[in-house]
Amino acid sequence: MDIQPHLRSVLLIGVQDAGKSNFVFRLWLMLHASTGMLAGDGLPADLDYLNGGGNHLLKGEFAPRTSREVHDQTEIPVKSTAAGSDFRGTLIVPDLPGEQILSVYRSRQWSEDWENKIRDGCGCLLFIRVDSKELIAPLDWITAASHFGGTLPTASPAKDEDGKDKPPTQVVLVDWLQFLRKAFTQKVGGSYKPRIGIVVSAWDLVPEDQKGEGPAKWIADNLPLLSQYVDANDDDFDFEYFGVSVTEGDLDADPDFRAEYFRRDPRKAGEVVHALSGSIEKTHDVTLPVAWALGLSIIAPAGSAARP
Ligand SMILES: Nc1nc2c(ncn2[C@@H]2O[C@H](COP(=O)(O)OP(=O)(O)O)[C@@H](O)[C@H]2O)c(=O)[nH]1
Ligand SMILES: [Mg+2]
């Protein structure tokens with residue numbers, strides 16, 4: 001079935017601190033410069049917000065956390081830069097779901113607003129950040145004991161603002177995938193296979209000796225339940241893994257890198273690791289995960305060509 005171009009959309013999903021906003025700002029810099037396989041398609045409504053965020057990255061700092069009240073949704077219209085292509089779509093960032101993601105998990109229901117975003121031609125990018133304090137580790141036999149009142153002396157599990165235990169991130173994300181599957185089936189049909197990109201953000205923080213193994217392996221090692229869910233449900237979803245860095249290094253903790261970041265041109269920083277062609281590759285085209293989730297068939301993933 002042909003999808004109306006303007007209806008193609010990508011939803012960004014992830015708990016608080018998952019790297020969503022900084023990715024959007026880096027993406028915006030590239031869309032604006034038209035140097036990737038996607039470019040901006042007209043001006044987004046919240047240009048000031050996007051320019052403001054982009055400016056933080058250009059100044060060599062991560063954009064700070066968005067205040068909940070100030071910003072609840074960003075929509076960026078995009079188009080393909082490939083010659084002769086009229087491919088268009090919208091990136092939708094419901095930029096408060098850090099908290100909402102958890103509340104949907106807890107209350108077993110989601111808002112009409114969320115439901116309305118699910119439609120034909122819709123894909124998702126699910127963000128998980130390396131080294132995030134919000135990334136709640138899976139329950140192994142030691143943490144499970146402490147979680148459920150066992151006798152082993154371990155650190156207590158993380159608590160949220162209401163003092164409730166935070167569920168392991170992978171449990172929340174798998175739950176979300178199940179919600180999404182249900183909603184896609186209800187709204188689009190059971191045979192629709194949405195593209196879901198699993199994005200490991202702050203990829204630069206992955207230990208050097210693990211980088212070569214790529215993001216799928218990192219998820220398998222760190223969020224095994226999510227990894228198994230992805231493996232077991234590839235009939236229902238079209239999954240891909242991406243490792244993304246908006247800086248290519250740690251601006252906060254590594255002064256040598258910081259100097260290099262300015263030397264190389266902050267406008268051009270950012271990289272994506274993926275295995276779209278079967279082996280692990282790296283590209284500076286940070287629009288790639290969005291292009292893929294929008295349904296573009298990526299022929300030469302190194303940023304050279306793409307065709308709808
Ligand atoms: N090293 C590194 N840190 C990152 C990167 N992206 C985000 N971060 C860190 O993650 C924090 C949270 O990112 P943010 O975009 O606000 O996450 P959000 O809550 O999902 O929107 C930032 O303040 C940075 O410290 C990255 O590419 N590399
Ligand atoms: Mg944010």
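A residue is taken to be near a molecule or strand if one of its heavy atoms lies within 4 Å of it. The model is predicted, and local features need pLDDT of at least 70, side-chain atom pairs count only at pLDDT 80 or more, and totals for chains, interfaces and linings use all residues. Residues are numbered from 1 along each chain as its sequence is written, chains are lettered from A and ligands numbered from 1 in the order in which they are written, and side-chain values use heavy atoms, with hydrogens and water left out.

Ligand 1 is surrounded by 17 residues, the closest being Asp-17, Lys-20, Ser-21, Arg-129 and Asp-204. By class, this shell has 6 nonpolar, 7 polar and 4 charged residues; Ala, Val, Leu, Ile, Met, Phe, Trp, Tyr, Cys and Pro count as nonpolar, Asp, Glu, Lys and Arg as charged, and the others, Gly among them, as polar. Helix α1 (residues 20-33) gives the largest share of the shell, 3 residues. Helices (H or I, at least four residues) and strands (E, at least two) are DSSP runs, numbered from the N terminus. Oxygen atoms of ligand 1 lie 3.0 Å from a polar backbone atom of Ala-18, 2.8 Å from one of Asn-22 and 2.8 Å from one of Val-246. Taken alone, ligand 1 exposes 580 Å², of which the protein buries 90%; accessible areas come from the Shrake-Rupley method with a 1.4 Å probe, and for residues only the protein chains shown count as cover.

Strand β1 (residues 9-13) is mostly covered, with 5 of its 5 residues buried. Buried means under 20% relative accessible area, exposed over 50%, and partly exposed in between (1.4 Å probe, protein chains only). In a regular strand the side chains alternate between the two faces of the sheet. In β1, Ser-9, Leu-11 and Ile-13 point one way and Val-10 and Leu-12 the other way, and all are buried. Two strands pair if DSSP finds at least two bridges between them. β1 runs parallel to strand β4 (residues 88-93), to which 3 bridges join it, and Leu-11 has Ile-92 as its bridge partner in β4. β1 also runs parallel to strand β5 (residues 122-129), with 5 bridges between them; here Ser-9 stands opposite Cys-122.

Strand β6 (residues 195-201) is likewise mostly covered, 7 of its 7 residues being buried. On one side of β6 are Arg-195, Gly-197, Val-199 and Ser-201, and on the other Ile-196, Ile-198 and Val-200, all of them buried. β6 pairs with β5 in the parallel sense over 6 bridges, and Val-199 in β6 is the bridge partner of Phe-127. Strand β7 (residues 238-245) pairs with β6 in the parallel sense over 7 bridges, and Gly-243 in β7 is the bridge partner of Val-200.

The structure holds 0 disulfides, a disulfide being a pair of cysteine sulfur atoms within 2.5 Å. Cys-122 counts as buried at 1% relative accessibility, and Cys-124 counts as buried at 0%.

Phe-257 is found in helix α10 (residues 255-264) and is buried, with a relative accessible area of 6%. Its C-alpha atom is separated by 9.6 Å from that of Thr-247, 10 residues apart along the chain.

Methods. Polar contact = N/O pair within 3.5 Å; in protein donor to acceptor, adjacent residues only side chain to side chain.
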